[in-house]
Amino acid sequence: MQLVRQKGKLRAYRVRAALAALVVASLGSGCAADGSSEASRPAAPAGSAAGQPAQKGPQGGKPGAQDAAGPAGALSAYVEKVKRKQKARAVAAKKWGLVRTPLAAPPPPAVKPKITTRKGFEVKGGEDLPPVFTTVPTKEKVVFLTIDDGAEKDPELLRMMSELQIPYSAFLSDYVIDDDYGYFEKMQDRGVALHNHTLNHRYLPGLSYSAQKREICGQQEKLEKRYGTRPRLMRPPYGNYNRDTLRVAEKCGIEAVPLWAAEAFPDHMEWREWDRDLHPGDIILTHFRGKGDWKGTMPDMIRRVMETVTSKGYAVARLEDYV
Ligand SMILES: [Zn+2]
């Protein structure tokens, strides 16, 4: 019984995901610009989600509500929601000076992928420690945006990312955020997850076990006290770590150590891979920096990285949905 229900759920999810992917694809190519809901209303998937209570379609009591009831109605409502969101994103893209409208990400996976340490990034005896990786295993054309440190606290960035509905994750170091914790509280209120980037941004492999513990676990405590949640993710400064780093991290609640496949700047990208390209699931690193630190503002950097991401046909997805 349990199994049957789960299977039904999974099948319904797959149908929804497939349809959403179609919608996303059509939005991406701009062919759904007329906003006609009839054209894109999906047919009822045969035999899916049987036994689910019929739900009213988005049109309520209007004619046509009948055929929008049930799973097809829920799908249609979902499709409409994606389209509305994408329209708002197009308006925001214009407002913020983006050349292209960011693509809509597919729905998050029903089950998070199993992540293992990237080849060449292992530590001796680290098989059971948090995985270190630069790319999330997925076939979807999504990438993840992560912003490190926290020195620059530009209110424009908060507005821009909310209006564009681009998800990102922040990896914070206490020594640069302690002059304005409130900025990151606002970020968190907007749905951004705050993660651990250590207290003082030291080169961790040069520190003893107990010094690393202070750096990593100390930041876990600080972030939990300030923001109410204990991070699950940690990124070591400069991407440098050793076995002690991962042991300490695991001890204080870290589940995964995402590094990056590409790094974004306001005027260029830097690539880890020889092909100098994006790949499904790639993690992009950038920093909270201002004009004094690099050639532009935070919005300049976002415009540049989104041009790269969108022109290559990728959407930005939420890292925490996959990891
Ligand atoms: Zn850093």
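User: Which residues of helix 3 are buried?

Analyst: In this predicted model, the buried residues of helix 3 are Pro71, Ala72, Gly73, Ala74, Leu75, Ser76, Val79, Val82, Lys83, Gln86, Arg89 and Ala92.

User: What makes a residue such as Val79 count as buried?

Analyst: A count of neighbours. The cut-off is 20 or more other C-beta atoms within 10 Å of its own. Across the chain, 37% of the 323 residues count as buried.

User: How do you know what span to expect for helix 3?

Analyst: Helix 3 covers residues 70-95, which is 26 residues. At 1.5 Å a residue, 38 Å is expected from first C-alpha to last. The helix reaches 38 Å, close to that value. Just after helix 3 comes Gly97, with a positive phi of about 75 degrees.

User: Why is helix 7 called oblique to helix 8?

Analyst: Two values describe such a pair: the angle between the axes and the distance between them. The axes of helix 7 (residues 209-227) and helix 8 (residues 243-251) cross at roughly 50 degrees and come within 9 Å. That angle makes helix 7 oblique to helix 8. Roughly parallel would need an angle under 35 degrees, and roughly perpendicular takes 65 to 115. The crossing is right-handed.

User: Which residues bring helix 7 and helix 8 together?

Analyst: Helix 7 supplies Tyr209, Gln212, Lys213, Ile216 and Cys217. Helix 8 supplies Asp244, Thr245, Val248 and Ala249. By kind, the residues of this contact are five nonpolar, two polar and two charged.

User: Why is Arg214 called partly exposed?

Analyst: Arg214 has 16 C-beta neighbours inside 10 Å. Buried needs 20 or more, and exposed needs 12 or fewer. The count of 16 lies in between, so Arg214 counts as partly exposed.

User: Where is Arg214 found, and how many residues separate it from Asn200 in sequence?

Analyst: Arg214 is in helix 7. It is 14 residues from Asn200 in sequence. Their C-alpha atoms are 9.8 Å apart in space.

User: How do helix 4 and helix 9 meet, and at what angle?

Analyst: The axes of helix 4 (residues 155-164) and helix 9 (residues 298-311) cross at roughly 35 degrees and come within 8 Å. Glu156, Leu157 and Met160 of helix 4 make the contact with Met298, Pro299 and Ile302 of helix 9. Five of these residues are nonpolar, none is polar and one is charged.

User: How many helices and strands does the chain have?

Analyst: There are ten helices and nine strands.

Terms used: Residues numbered from 1 in each chain as written. Predicted model: local features only at pLDDT ≥ 70, side-chain atom pairs only at ≥ 80, totals over all residues. Axes fitted to C-alpha atoms, helices over the stretch in contact; angles between N-to-C directions. Helix = DSSP H or I, 4+ residues; strand = E, 2+ residues; numbered from the N terminus. Parallel < 35°, antiparallel > 145°, perpendicular 65-115°, else oblique. Left-handed = near helix turned anticlockwise from the far one by under 90°. Contact = placed C-beta atoms within 7 Å. Nonpolar A, V, L, I, M, F, W, Y, C, P; charged D, E, K, R; others polar. Expected span 1.5 Å × (residues − 1).
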